[in-house]
Amino acid sequence: MSVTNLLENWSQFRHKHPVEDKPHAEYKWAMSIDLDACTGCNACSVACYAENNLPVVGKEKYSHGFSHHWMRIERYWDEDGREFPDQGAQFLPMMCQHCEAAPCETVCPVGATNHTGDGLNSQVYNRCIGSRYCEANCPYKVRYFNWYDYPTTNNVWPEPMNQQLNPDVTVRGKGVMEKCTFCVQRLTVAKSDARSQGRTVRDGEVQTACQQACPTGAITFGNLVDPEARVGKQWMQQQVELAVDHQAKDQHEHAEQASKLRGYRIFEELRPYPSVMYLERVRESAV
Amino acid sequence: MIENSFNRRDFLKVLGWGGAAVTLSGCGNTSVEDGRELVTSYSEPAEYVIPSIGVYFNSTCAQCDAGCNIMGKVREGRVLKLEGNSQSAINRGKMCGLGQAGVQAHYNPDRLREPLLRTGDKGEAISWDTALELINAKLDGVQGNQIAFLTGGISGHVNVLLKNYIDALGSAKHFAYEAVAPSVVRAANKKAYGVEMPRLRLDKAKVIVSFGADFLGAWVSPVHFAQQYAQFRKASNGGRGVLVQIESKMTLTGANADRWLAIRPGTEGILALGLINALGAGGVKVAADAAGAAKAYTPERVSTETGISVEQITKLAALLKERTPSLVIAGSAAEGYAHGSHNAAAIALLNQALGNVGKTVEFPAALPFPQIAPTVGNRYALHALNDDMAHDQVKVLFNFGANPVFTAPAGLKFKENLGKVPFKVAFAHYMDETALQADLVLPLDSALEEWGTSVPEYAAEGAQLNVHQPLMEKLYPGTRATGDILLALLKLRRAQEYKGYEDFYAYLRSALVQNKAALGGSGKDDDTFWSATLSNGLVKLPGASNAARKTSATTLVFPAPAAQDGAYPLRLIPAVTANMRDGRHANQPWLQESPDPLTTIVWDSWVEIHPKTAARLGIVEGDIVEVASKSGTLKAQAYLFPGIHPDAISIPLGYGHQAMGRYAKDIGANAFHIMDAVFDSETGELAMHETRVKISPTGQRVVIVKDEGSAGGKQMGKKIAVRVSSEKVDLSEEV
Amino acid sequence: MTEKDIREDIAWAKINKDVLKSLENPRKMYWVIIFIALAMIGVAVGAELYQYLTGMGVSYKNNSHVWGLYIATFIFWIGMSHSGTLLSAILHLMHADWRKPIYRFAEAMTTFSLMTAGLFVMVHLGRLWMFYYALPYPSERWIWPNFQSPLLWDAMAIFTYLSSSVIFLYIGMIPDLAICRDNMKNGWRKKLYTTLSLGWEGTDRQWRNFRITYLTVACFLIPLAVSVHSIVASDFAMSQQPGWHITSFPPYFVAGALYSGCAAIITLFIILRYVFRFEEYMTLPILKKTARLTFAIAMVWTYLNLIEFASVWYGHDQASKDVLIYKATGNYAPFWWGMMFCGSIVPLTLAFTRFQTNIPVLFVVSILLNVGMWLERWMIVAPTFAHGYYPWAWDHDQWPSFVQWSIVFGSFGWFALLFMVFCKIFPSVSMYEVKEMVYHRSQETKKKELASKGLANKGAH
Amino acid sequence: MSQRHLLALFDNFDEAGAAIAELRATHIRGFSMDDLILKSPIEHPEVESVLGDKPVYVQWYTLVGAVLGGLLSFFLISGSQASFYAQMKGGKPIVPLPPNFVLTYEMFILGGVFITVLGFLVCAGLPAKRSPLYSAKVSEDQIGILVKGDESAISALKAVFTRHKALEIQEEAGK
């Protein structure tokens, strides 16, 4: 600890991320999910189980709410009381939104969840003591706690099922919080490869497991800083800005001239500045 | 991806020591134990194994018959994850949840590990040699036509060997059985278009009208269709496509429709004819016979019979007229009746009336090698086998992985009839219900351990031959590949012919290499061709085009909507879900724990009831209800579900195993076992939707284990999943 | 003429004798309480061991409902600790000398309820064995805890509060420890008191510095107590969740804390009075004053409750409003209304003079008040989880398991054990301050008598 | 010249006060008022006032402790946030002031309390060696006056105490 350092770099330490204007340097990982393409098929969720060593908890534990899917598919019905849901259901893949001003980060007593330079909301399993304050403060409730020691629990990874475990991803023991990482293990490999070639990661070079599996390509993932990245183009086209809590679309909401935009972020009004943009589901008006 | 330019067998040898040390502890001698090979230390791996770097090998998904091409990620000799092969025209690098769970079929802790011979109620472990000799002995003196082979859909070189073996035994019978295959639609398609599986171009259609085809969930080739669907939803071909789903129970596809119409069960064909009639009235040129068949089906009559409003029919007809090309699909909900063939034919007729044939209904290429073509499974086969067994016509039954004891409707009394077969051999991965009845159980390699080829029934582009190759060394020395077993059996019959093939791998390699010219490898030397084939994981085949045929409408007969059966007032719709299908993968925990997309229920069966019906019967969510048909009863939890016709209830198939290991046994109830044995009038296929049931609460109540919270599917006024009307957005401007 | 808080002619030597007797032979009830407490602790320790070894899952919380009874009970115990400070520090500064016979045990209550609360922090952790990560030291990887987290403020505040109240309790006890030393026969106790009394002889220098120190620490303790419960309130108010993110939470928590503490004082007052035969010192007039104080605080609490409802109801935050409606009508409604009943209706009995000294009534009422306050804490924690921002994650029937309940009940045993053992080892009535009280009161009376005599004499002349 | 201790016990504060007043007034040779220690069972400001104005310095400890505690806390926290691995929290600066002030406040109090107690121990001379003459009565209900004087003054002191109805006079054995 040095007070000199504190005083010399005062303004740097007082910089407020991301509200004040300091753009990400090389990477800002972000996602967009087209709800019009999402069919709710669960392929992403299974891919996540396979990639991230998620435990299958079984019926009894599931019934107590110990489900452990970093990516969950929510299914909503219309609420207008019609006899049949004749416009179908609405599916929404929900995972950690990697908020830029994440409510979970500030409340962790031990600093086990932090913001990375790449704009990820990281979780340090080793550091976590299991106070669960992060999940308590998460508006999306997308954090999952290891209520049991799954690696040693019967029928979670019985021999030889444990041979399927991905060695790139830690198998978490009891008492730590976990959540979607945007497949940070893949990002690390891609960044390392790119760095060794003296460049940054190209768009499409790295995919998250869910994106890779998604049969309809509803999930787009990439580097928001990269002007070539599809995700950035989508955000820009939808006029969704990262560090803003009121987008262009909201201003058009009641305008006579209906907005052509369908990008939105969930709970933007709480100002977590999530890194996941959803594109509204479209339904045909002619039938 | 690493080019597959090394010796495949060395690779496996290394993997064997690195990945599956089980080999050492297992019984039976390996070549190493016999001293023929030396142990290679893993600290000095072969150059293509880079510790901590994943290596990908291409193969084919065996979880369903769609034949998606996959890449297995292999690390230190273990296969970790299955990903899509982007070279594939079928799945283009994508995967469904079912396919990805394939690793859990491979690593399943309940796999069979050694041949078992029944002695009394117990299985006794025996050696493979004993087992094969026993089979050979049992076959002696049995007439060829008293030997039956029960398989699922089967294709490729295993199919060739099977045919040869059947031949060697003197015209034994082959029954290809699939519990949930679209077999009536196949027959109707054959009539209407000249092919069983025309190529559906969802991506080209501007309107899709699907009569209960769950093409995004569990129908034919869902991953392929899902990709076409994504294109269909984009503006790339001039406007976002409109999906109208017509079915009595909402499927995953129905949940994604722009308009989901709850039709009275069984009246799909009537609506199709009604639409033809309305189109004709709206000025669309309809062929005379079709117009004639449809003439009687005025919107008013159709509305009364189907329960769909006149306004809706008119709107739909107008949409079909306005936006072309369209595509009409007949799915399993339309075919599941005694008049299912007629429903399917009427729907095909609608396609023709709309002029979709040749535009969105295309004709697949014919396969240049008919001997490896798929023998598709259907439900008639089971019926036929059952009859044979009932009449003591079967003395020896070989069952390759089918599980009819679980999937046969109770009405067939299949298990009872199976008991009459003196010698039953089951080739199985797990001790499932049918294997439990067998006299000899032979453990199979997992799909990720064996060599093989397959040809998908639904070809996305041209024709293609899929390559199956091991993604890692066998976990258990006591299992064998289907191909190897057939080859061994053949050697016992036709030793001369097959003595050149050490194993199935050798057979397969030589079969492909000999035909390399036809398989696009002309000019390459054998090794290069073979390596390239394995590296690609598939071979694209040129094929001749098929011609279209026109269907006749004159024979269509529809029963008047049946009067309510007082004793059994509701119709049972057995749901084929994307995860469970017919239940053969129920022991893969990822699938059990993946919530059903529509109900979000996990680890159990449920009974979907429309809230209106439930209110009438005094049933609330979580009530354990007894569902009784003429053939049987089951108990399951009730789930109030708005997406179902009030005259029907739905129970998912695939649950209710009484065997198959820790993840499947005693999970839910088996809906197959309450199905009545009613058959399609033309094809003789089992009509899946013809069961009528009554339902009564038992007084027990449980908390349903599901993912949705106490708010159910409500957003409670929060802006979470937002929907917008199509006129308010312009997708063509989007990235 | 109201009854006197204490007999003024009580001999000082008798005070010593009576209080010292409590260190020797309590009534049988004492041992009954100790036994029950030990049994409760035994069950709780078993439950905790099971939870520690198996995982937090056995307590039946779930992924959206991550906090349960542990946090609620933690707040409850923190709250209970506040009454000690109220009696010893606030009333000390206000020169309310009726506090003197009862402040010692109230202070002990502060200390032990803080220790109990601290246990819940530990019990709550998913990885108890790593609790030291929350301590402000740079680990071998040079990582500090996150000073932004209200939980860390909590830890700091509780540490400060606990150490300060232990010090306060100890400092205030030194003269009494000297009395014990002077009256104890040889043995371990004599050694203990000799050591702890630090050679106190009641010299003028000692008293002079003692007075100032006691006053200073009291001054610190008041803002500290307020800050501690405000910080506990910040655990919730600083979060973003509906039903928690409420401006009035800090004062509301402090009021609730004082409330439950006062109620607990009444309960313990009655128990100690009986068990240690303190009828002479813990007199009914003092009990009456405590009851009145409790009533006043109950009304403050009720008021703050209503304020909170009103501000939520008339606010624009629909989510918070939904949580409020859910509390009143949802799964937790019986408990929520139970809290309203116990916290706001039951204390109305304290408004009646006749009940203010009725020991059975007060005993029952004080326990009901604490049940109400415990429910209040649970109703702060649970409904927000069950009905938060994200409807998909609203839980099904979330009911704490036996493990949670037994640890919660065990904490009462733990507290009772610590408290009763303390009372047996240390004088739970402050002897020197009772003497002061008697002395000052008799002086007053004398003065009054003199004055009236003087008047009478004058009149006679 | 050797000195001896004398302890007189009174059961009446007024008498004790009067005794002290007389001692002060009479100026006994070989005895200084500084060698007088009053021992009482209760805090008794009015009796102490007879002893004259004796300042208390504990407050200064308090001030120093509180200020040091606060400063230490703020710089420890801010400095560690800035100088070790910076833990970035979205939406907040790396050195956030409001949380740090909360902790500063707590440490301010903690420092104040701890150092005050230290000051008390120092100022009150605790832990102390027991004085040569002590009676348990002092902790019960009597007030004691401990004096130290030359041999020559002892008898005069005794006389004063006796005059003021001392209940008991303890005398240190001669050396």
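How many residues of chain A are in contact with chain D, and how many residues of chain D take part? In this predicted model, 23 residues of chain A are in contact with 19 residues of chain D.

## The A–D interface

Chain A and chain D bury about 1,800 Å² between them, and carbon and sulfur atoms give 66% of that area. The count of salt bridges between chain A and chain D is zero, while seven residue pairs are in polar contact, both residues of each pair being at pLDDT 80 or more. On chain A, the elements that give two or more residues to the side touching chain D are helix H1 (3-8), helix H2 (10-13), helix H5 (103-107) and strand S4 (113-115). That side of chain A divides into eight nonpolar, eleven polar and four charged residues.

Chain D does not touch chain B; the nearest C-alpha atoms of the two chains are 23 Å apart.

## The A–B interface

Five pairs of chains are in contact, and among these chains A and B share the most contacts. Here 85 residues of chain A are in contact with 97 residues of chain B. The buried area is about 8,000 Å², with 54% of it on carbon and sulfur atoms.

Twelve salt bridges are counted between chain A and chain B. An example is the pair Glu708(B) and Arg75(A), whose side chains meet at 3.0 Å, N to O. Polar contacts between chain A and chain B number 47 residue pairs, both residues at pLDDT 80 or more. Several elements of chain A each supply at least two residues to the side that touches chain B, including helix H4 (59-63), strand S2 (72-76), strand S3 (90-94) and helix H9 (230-237). The largest share, six residues, comes from H3(A). By class, this side of chain A has 39 nonpolar, 23 polar and 23 charged residues.

## Nonpolar cores

The largest nonpolar core has 333 residues, of which Leu92(A) and Phe419(C) touch the most other members. Beyond its neighbours within four places in sequence, Leu92(A) is in contact with residues of chain A including Leu35(A), Ile73(A), Tyr264(A) and Tyr278(A), with Ile720(B) and Ala721(B), and with Tyr390(C). Apart from this core lies another, of 54 residues, among them Leu465(B), Phe504(B), Tyr505(B) and Leu508(B). In soluble globular proteins, nonpolar side chains tend to be buried together.

## Salt bridges across the sequence

Over all chains, the count comes to 68 salt bridges. Within chain A, the side chains of Glu100(A) and Lys28(A) meet at 2.7 Å, N to O. Glu100(A) lies in the loop between S3 and H5 and Lys28(A) in the loop between H2 and strand S1 (29-34), so the pair ties together parts that are 72 residues apart in sequence. Both Glu100(A) and Lys28(A) are buried.

Chain B holds the pair Asp110(B) and Arg662(B), with the closest N and O atoms 3.1 Å apart. Because Asp110(B) lies in the loop between helix H4 (102-106) and strand S4 (116-119) of chain B, and Arg662(B) in the loop between strand S24 (648-652) and strand S25 (692-701) of chain B, the bridge ties together parts that are 552 residues apart. Asp110(B) is buried at 18% relative accessible area, whereas Arg662(B), at 36%, is partly exposed. Glu608(B) and Lys249(B) also form a salt bridge, at 2.9 Å between the closest N and O atoms. Glu608(B) is buried at 1%, and Lys249(B) counts as buried at 10%.

A network of salt bridges links Asp78(A), Asp80(A), Arg82(A), Asp86(A), Arg259(B) and Arg723(B).

Key: Residues are numbered from 1 along each chain as its sequence is written. Chains are lettered from A and ligands numbered from 1 in the order in which they are written. This is a predicted model: local features need pLDDT of at least 70, side-chain atom pairs count only at pLDDT 80 or more; totals for chains, interfaces and linings use all residues. Side-chain values use heavy atoms; hydrogens and water are left out. A nonpolar core is a set of buried Ala, Val, Leu, Ile, Met, Phe, Trp, Tyr and Cys residues joined through side-chain atoms within 4.5 Å. Buried means under 20% relative accessible area, exposed over 50%, partly exposed in between (1.4 Å probe, protein chains only). Contact means heavy atoms within 4.5 Å. Buried area is the accessible area (1.4 Å probe) that two parts lose on being put together, summed over both. A salt bridge is a side-chain nitrogen of Lys or Arg within 4 Å of a carboxyl oxygen of Asp or Glu. A polar contact is a pair of N or O atoms within 3.5 Å; within protein, one must be able to donate a hydrogen and the other to accept it, and residues adjacent in sequence count only if both atoms are side-chain atoms. Helices (H or I, at least four residues) and strands (E, at least two) are DSSP runs, numbered from the N terminus. Ala, Val, Leu, Ile, Met, Phe, Trp, Tyr, Cys and Pro count as nonpolar, Asp, Glu, Lys and Arg as charged, and the others, Gly among them, as polar.
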